[in-house]
Every structure is written in structure tokens, then in C-alpha cells.
Amino acid sequence: MVEIEPLPRAVIQAFSSQFEKSQSRAADIPEADLSGVDPALTRCLMPFQRDGVNFAVCREGRLLLADDMGLGKTIQAICIAAFYRKEWPLLVVTPSSVRFTWAEAFQRWLPSLRPDSINVVVKGKDNLRSGQVNIISYDLLSKMDKQQPTHPFNVIIMDESHFLKNMKTARCKAALPMLKAAKRVILLSGTPAMSRPSELYTQILAVRPAFFPRFHEFGARYCDAKQLHWGWDYSGSSNLAELKLVLEESLMLRRLKAEVLSQLPAKQRKVVTVTTDGITARTKAALNAAAKDLAQGHRNKMQEKEALLVFFNHTAEAKLRPINEYILDLMECGREKFLVFAHHKLVLDNVTKELGEKGISYIRIDGTTPSAERQLLCNKFQFSEKSCVAVLSITAANMGLTLHSANLVVFAELFWNPGVLIQAEDRVHRIGQTSNVDIHYLVAKGTADDYLWPMIQEKMNVLGQAGLSESNLSENAECASFYCRDPKQKTITEMFQRSFTEEDEAMLLQAADTWDDSETGITSTCQGNVTESPSKKTIFDYFGNNSAKRKAL
Ligand SMILES: Nc1ncnc2c1ncn2[C@@H]1O[C@H](COP(=O)(O)OP(=O)(O)OP(=O)(O)O)[C@@H](O)[C@H]1O
């Protein structure tokens with residue numbers, strides 16, 4: 001006897017439109033009217049991104065946008081949310097390390113939005129609803145129970161929505177009721193499920209609460225549920241082809257890089273704005289003093305250089321925590337192999353310590369790595385099948401290494417010479433690379449990065465105009481608002497450019513290598529091409545000696 005079970009309601013709902021019509025799905029999706037959205041955004045949408053917005057509007061603003069990493073889920077989400085702007089305030093929930101990157105993206109893509117209407121929630125006692133756009137991290141959201149609004153948010157973006165995969169977590173418990181009450185739910189994730197279908201359940205529930213109101217129904221059909229002596233086991237998978245059809249037909253849009261490669265630039269650069277909140281009072285004071293010292297002007301070239309290096313060194317210290325946080329978030333988002341470039345030994349040490357403590361495999365190449373070992377380390381990275389991070393010195397590992405089994409490069413620190421940055425990027429962007437590559441620059445406000453970043457852009461533009469750089473950073477990167485915000489900045493930028501000329505670079509690296517900050521008691525060491533450190537001396541001594549030598553020449 002054959003027993004025939006009825007199809008689940010979700011399957012019938014998903015295909016009801018198809019039962020009625022016979023056209024293909026793509027042809028069913030009408031063009032959304034985006035005339036109410038800022039042209040600064042709509043005119044930049046790539047064709048597949050425009051299709052994504054059409055899909056979302058056709059699904060009445062409820063979807064899981066599961067495009068591959070780096071395909072521009074942010075611009076699409078902002079456009080979809082802006083289409084429903086009359087229903088704002090908007091809530092954006094993100095991993096903590098990218099809260100400020102989202103704020104920058106709103107400023108960039110929606111210039112009609114006043115900057116003071118963007119509210120980044122940083123403390124539990126901050127108001128969650130004081131802006132038109134309110135941005136909060138998952139973890140903080142779960143601590144804000146008391147502030148659960150009486151008026152729910154109508155429009156919600158959940159970035160990296162696989163953070164909700166476990167129903168039992170505090171983040172999920174805090175988010176689900178809000179999502180249930182919202183009219184528009186825009187979930188973003190390049191990896192909605194990393195290992196099993198059960199991880200998709202909460203995301204489906206958030207977008208289509210009526211599909212599988214109870215987990216068991218979903219688990220029985222798609223998770224190969226088995227009753228064991230201790231209860232049900234939902235860790236398996238079943239009916240996957242049907243699950244794929246249900247997802248694609250009614251709630252999820254996923255495009256892979258390979259499908260849209262022709263529309264993408266070969267290198268997709270992005271600026272990740274990190275925050276140095278939580279640094280010690282001493283580091284903060286040192287940063288402020290360095291910034292002030294740098295801004296005051298009327299100094300000779302030698303003192304300027306000293307001030308710049310001091311600021312750069314304190315910046316490294318201030319960025320330690322956000323760098324580690326960002327790397328761990330990337331791993332949680334399914335990025336398994338990538339390169340992390342940094343300049344200071346302090347940063348390289350901190351990253352490798354954290355990876356070691358978390359049991360994550362890594363290789364490290366810096367100025368002290370013998371040449372014979374470099375190739376072995378590269379091979380280990382290239383052929384490693386599990387996750388592996390290559391932690392590399394910007395100045396000592398930017399040339400001659402092939403690491404193209406990865407397609408993501410993270411610059412934990414900036415460097416004043418864009419030629420060196422491009423060379424470092426090209427460790428993955430080289431013959432043999434089959435994908436486009438993502439480059440993430442971590443930039444911290446209130447640090448030397450505020451000055452280094454525009455300087456890099458400016459130099460890059462000059463190279464571009466001379467046909468020496470394949471792309472223009474300021475066009476591609478999410479950073480326009482960084483440029484020239486501070487009226488003093490231009491002068492300082494110029495000063496950086498004047499100061500860090502090619503001929504000075506080796507000298508500067510060596511100076512930083514031997515820098516000893518006697519005031520703060522911090523010894524900061526750079527990993528340049530210089531492998532031997534002479535005995536400690538101050539930068540001033542160093543420059544003093546060199547300038548004397550140069551004069552003598
Ligand atoms: N249409 C566009 N015009 C200009 N820049 C774009 C466009 N689409 C995306 N970008 C840029 O590409 C970079 C990657 O975009 P984004 O961070 O949104 O990707 P993502 O899909 O969210 O990636 P991930 O899953 O890794 O977070 C960003 O710097 C973004 O500004």
C-alpha cells in the first residue's frame with residue numbers, strides 16, 4: 001500500500017502562482033518604481049542589483065537576500081528600505097564590527113537623509129528609536145529588552161541574518177518578536193545556513209511566519225527528524241530539492257559571483273569603518289595628544305614626521321580590539337580563507353594570538369620569516385582545505401607571494417604608499433584567480449586613518465589618471481564622506497604626502513622599528529623589510545642622526 005501525504009501548506013503557497021500561470025519566474029517580476037529613491041543610489045545599481053530590488057518589492061519588502069559575499073547586499077537593502085521610506089523609522093541590526101560602516105553607507109547612498117537622523121546605538125541606555133535610521137548590534141539588541149518599543153519598527157534590515165540561526169540564543173529571542181511585528185523584513189546573508197537546513201528555520205519564520213509556524217513541521221520535512229530516546233534529532237537533511245524550490249519561489253534570492261561576474265569589477269574594494277570605543281583612557285589621551293600635535297603645524301619636517309609616526313603607532317594600539325572583532329565576525333560569516341595585512345608587530349602579534357586562542361589555523365609572514373620558509377607557508381595556506389588565515393606584514397609580504405586560493409584581503413592597518421597596498425592586494429588578484437576579489441580596508445575614525453585614507457585615495461587617483469592603476473579607489477570604495485570632512489584635514493593630508501616620500505620610506509620604517517615611547521611606556525615595533533633591530537633609541541635621535549648624515553652627503 002502506498003501512503004500519500006498532502007503537500008505542506010508552504011509548498012502549496014509557494015507554487016500557487018505557478019499553478020495559475022505558466023510564465024517563467026523572471027518574466028513575472030515587474031520593474032519597481034524607484035522614482036522616490038535618491039538618484040545617487042538608483043543610478044549606481046548594477047543590473048542584477050536592480051533585479052534584486054524588483055524581487056523584494058514584488059515580495060512586498062519581505063525577503064532573504066542571500067547573494068554571494070561582496071555582491072553589494074548593502075546597496076540593495078538600502079534601496080529596498082528607501083522604497084518603503086514613508087514607513088520608517090528603520091531598524092538595522094548588524095554584527096557589532098560593521099555598525100559604523102552601515103552608517104557611512106546610508107550617508108553615501110541616501111544623501112537626502114540628514115546625517116543627524118542616523119542613530120548608531122552604542123550603549124544599552126541609548127535610545128533605540130531616536131533616528132530615522134537606527135543601527136544596533138545583535139548583542140546590544142538582546143540587552144535592550146526594556147526598551148522594546150510599544151510601536152514596532154515597520155521596516156527592519158537584519159545584516160548577516162544567519163546570526164539568528166539558533167532559536168535558543170538571546171539575540172534570536174530579542175529579534176524574532178520585532179521581526180514578527182514588522183511589515184518589511186529584509187534579511188541579508190551570503191551564508192544563510194552553514195551546515196544544516198535547521199539553521200534556516202528562524203530566517204524563514206522571520207520572512208514568512210505562516211509557512212512553518214511550528215519548527216517540528218519544518219524539521220520533519222527538511223531536517224530528516226528522528227525520534228531518539230532523549231527527544232528529536234533535527235540535525236539531518238531531507239527533501240532538499242523541494243526546500244530549494246520553496247525558498248527560491250517565495251522568499252529567497254541568491255546570485256553567485258560566477259553568475260554575475262561580467263557585471264563586477266575585478267577588485268571590489270570596501271572601507272569598513274570600525275570604532276575604537278572601549279580603548280583605555282591612556283590610549284585615548286595618547287591618540288588625542290598625537291592628533292593635536294599633528295594638527296598644530298608650524299614645525300620643521302623632522303618634527304612633522306615624528307608626530308605622524310607617533311600618531312600611526314597609537315592608532316595601531318587603538319585598533320587592536322576592532323581588528324580582532326572584525327576577523328572573528330568574518331569567520332562567523334563563513335569566510336574561511338583570507339589574508340590579513342598589518343604593519344605593526346603589535347597588531348600582527350595580537351591577531352595571531354587571538355587566532356591561536358580560538359584554535360583557528362593561520363600562517364604568518366613578516367620581516368623575520370626566512371625566505372626559505374615563505375614558500376612552505378604559502379603552500380600550507382594554498383593547499384589547506386579547512387579554514388586558514390594568512391597574517392602578513394604589509395611591507396615584508398606584499399611581493400612575490402601567491403595566495404590566490406583566497407579571494408578576500410583585509411587591511412587591518414593602512415599604509416601611506418598605495419603602490420604597496422596594490423601589490424599586497426595582488427597576492428590574491430593574479431593569474432589563476434577565478435573569482436573577483438574582495439578587499440576590505442579597516443578604517444578607524446579619530447585616528448591617523450582619518451588622514452591616511454584620503455591621502456591614499458588622492459595618490460591612487462593620480463596613479464589612475466596616469467593610467468598606472470587599474471581602478472580608482474574613490475569611485476569604488478564606500479568612503480566618499482571621509483574625504484575632507486575636517487577643514488584641517490587637507491593641510492594634514494598634504495603634510496602626509498610631503499612627509500612620506502619614497503626616499504624617506506625605508507628610513508621611516510627603520511625609525512618606527514626602533515621606536516620606544518618612553519612617555520606611555522609602550523614599545524611599538526613595526527615589521528618592515530628591516531629584520532635587525534639596533535638598540536632602542538627615540539625617533540628624534542634617529543631622524544637627528546640621519547638628517548645629520550644626509551647633510552654631510
Ligand atoms: N552598485 C555599486 N556601485 C558602487 N559600489 C558598489 C556597488 N555595489 C556594491 N558596491 C561596493 O562593493 C563593496 C561590497 O559591497 P557589500 O559590502 O554591500 O557586499 P556584501 O554583499 O554585503 O558582502 P558581504 O556578504 O561580504 O558583507 C562595497 O564597497 C560597496 O560599496
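1. The protein is divided into domain 1 (9-263) and domain 2 (267-502), with bounds that come from an automatic or database domain assignment. The contact between them takes 24 residues from domain 1 and 27 residues from domain 2, where contact means heavy atoms within 4.5 Å. This is a predicted model, in which local features need pLDDT of at least 70 and side-chain atom pairs count only at pLDDT 80 or more, while totals for chains, interfaces and linings use all residues. Residues are numbered from 1 along each chain as its sequence is written, and side-chain values use heavy atoms, with hydrogens and water left out.

2. The size of an interface is often given as the accessible area lost when the parts come together. About 2000 Å² is buried between domain 1 and domain 2, and carbon and sulfur atoms give 48% of that area; buried area is the accessible area (1.4 Å probe) that two parts lose on being put together, summed over both. Ser97, Glu104 and Arg108 supply 30% of the area that domain 1 buries against domain 2, more than any other three residues.

3. As to overall content, the protein has 22 helices and 17 strands. Helices (H or I, at least four residues) and strands (E, at least two) are DSSP runs, numbered from the N terminus. Of the 553 residues in the protein, 56% are buried; buried means under 20% relative accessible area, exposed over 50%, and partly exposed in between (1.4 Å probe, protein chains only). Among contacts with a separation of 6 or more, 73% are between residues 24 or more positions apart.

4. An open sheet of seven strands has the order E3-E4-E2-E5-E6-E1-E9, with parallel pairing; two strands pair if DSSP finds at least two bridges between them. Strand E3 (118-120) and strand E9 (252-253) are the edge strands, and each pairs on one side only. Strand E1 (residues 62-65) is joined to E9 in the parallel sense by two bridges, and Leu64 stands opposite Met252 in E9.

5. Two helices may be considered alongside this sheet. Helix H8 (residues 170-181) packs on the sheet, where it touches E1, E2, E5 and E6, and its direction makes about 140° with that of E5. Helix H6 (residues 99-109) lies across E2, E3, strand E4 (133-137), strand E5 (155-158) and strand E6 (184-188), and runs at about 160° to E4. For these angles, axes are lines fitted to C-alpha atoms, for helices over the stretch in contact, and angles run from 0 to 180 degrees between N-to-C directions.

6. In soluble globular proteins, nonpolar side chains tend to be buried together. The largest nonpolar core here has 63 residues, and those with the most contacts inside it are Trp102, Phe106 and Ile157. This core draws at least three residues from each of domain 1 (9-263) and domain 2 (267-502). A nonpolar core is a set of buried Ala, Val, Leu, Ile, Met, Phe, Trp, Tyr and Cys residues joined through side-chain atoms within 4.5 Å. Residues up to four places away in sequence aside, the residues that Ile157 touches include Trp102, Phe106, Ile186 and Leu188.

7. A second topic is the open sheet of six strands, which has the order E10-E15-E14-E11-E13-E12 with parallel pairing. Strand E10 (267-274) and strand E12 (362-365) stand at the edges with a single partner strand each, so one side of each has no neighbour in the sheet. From one strand to the next, the twist averages 20°. Eight bridges join E10 to strand E15 (residues 437-444) in parallel, and Val271 stands opposite Tyr441 in E15.

8. Strand E14 (residues 408-411) is covered on both faces: Leu408 and Val410 on one side, and Val409 and Phe411 on the other, are all buried. Three bridges join strand E11 (residues 337-342) to E14 in parallel, with Phe341 opposite Phe411. Four bridges join E14 to E15, also in parallel, and Phe411 stands opposite Tyr441 in E15.

9. Some backbone features deserve a check. Most residues other than glycine have a negative phi, and most peptide bonds are trans. The peptide bond from Trp88 to Pro89 is cis, with omega near 25°, and Pro89 lies in the loop between helix H5 (73-83) and strand E2 (90-94). Asp224, although not a glycine, has a positive phi of about 50°; Asp224 counts as partly exposed, at 31% relative accessibility.
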